[in-house]
Amino acid sequence: MPDSHTRPSFTADQALERLKAGNERFLAGKAKFPTVQKEVLADLAKGQAPYATILGCSDSRVPPELVFDAGFGELFIIRVAGNVLGPTIAGTLQYAGTHLHTPLFVVMGHEGCGAVQAALASKFHGVEHRQHIETVLDIIEPALAGLDPKLPADELMRAAVEANVRWAVRQISESPEGHLTLSRGDIRLVGAIYEIETGRVRFLDD
């Protein structure tokens, strides 16, 4: 693999602090968003060494590079509806750990996630969806076990979004590959929720 010789120059804790600092710049309206110079692109063409891997939702309102004020080559991003963990996603995460050596892995959900809302409708109200959408919802539904359908709708939705993130984190950490990688001690896996209305990212280990 062409990227196997490169390693990010950050620890997991430093990478997490860098994400938090970037989100604070984003919230303060002080994001860098620099024009990328040709020299930078030429250097990145030689290889990548992102400091964090982000598994996030495909929602167009949640672009991780902007949310964390990150530049080209800084984040390795996987986006899929509902930030769900399937075989190809797991393979991509494994690539990030094995060949890119990112010290930090983040599962980031967001408020008002349509996939989570559809999973709630399917689980508690028997709503049916198209075949391939159902495939996504089938991955989310186990995360909803134990939620009280009698909760107010907005409270239930918030709880479901967080439960879905925690479910993905649990799946990753309890997989043989994830357990082995995390046991090394220099890799971190955290969950996060993006607040659509404010732009703030809330990390679940805070």
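**Exercise 1.** In this predicted model, find which strands helix 7 lies across, and at what angle helix 7 runs to strand 4.

*Solution.* Start with the strands. Helix 7 lies across strand 3 (104-110), strand 4 (188-194) and strand 5. Next, take the direction. Helix 7 runs at about 165 degrees to strand 4.

**Exercise 2.** Give the strand order of the open sheet and identify its edge strands.

*Solution.* First, the order. The open sheet has five strands, arranged 2-1-3-4-5. Their pairing is mixed. Second, the edges. Strand 2 (75-79) and strand 5 (201-203) each pair on one side only, which makes them the edge strands. Third, the twist. From one strand to the next it averages 25 degrees.

**Exercise 3.** Describe how strand 1 is joined to strand 2, and name the residue of strand 2 that G56 stands opposite.

*Solution.* Strand 1 covers residues 52-56. Five bridges join strand 1 to strand 2. The two strands run parallel. Now locate G56: its opposite residue in strand 2 is R79.

**Exercise 4.** Sort residues of helix 6 into buried and exposed, and explain why the buried ones lie on the same side.

*Solution.* Helix 6 spans residues 131-140. Begin with the buried set: E134, V136, L137 and I140. These residues cover an arc of only 160 degrees around the axis, so they sit on the same side of helix 6. Then turn to the other side of helix 6, where Q131 and H132 are exposed. The cut-offs applied are under 20% relative accessible area for buried and over 50% for exposed. Finally, look for the cover. Helix 5 (114-125) and helix 7 (153-174) are among the elements that cover the buried residues of helix 6.

Technical notes: Residues are numbered from 1 along each chain as its sequence is written. This is a predicted model: local features need pLDDT of at least 70, side-chain atom pairs count only at pLDDT 80 or more; totals for chains, interfaces and linings use all residues. Side-chain values use heavy atoms; hydrogens and water are left out. Buried means under 20% relative accessible area, exposed over 50%, partly exposed in between (1.4 Å probe, protein chains only). Helices (H or I, at least four residues) and strands (E, at least two) are DSSP runs, numbered from the N terminus. The arc is that of the directions from the helix axis to the C-beta atoms. Contact means heavy atoms within 4.5 Å. Two strands pair if DSSP finds at least two bridges between them. Axes are lines fitted to C-alpha atoms, for helices over the stretch in contact, and angles run from 0 to 180 degrees between N-to-C directions.
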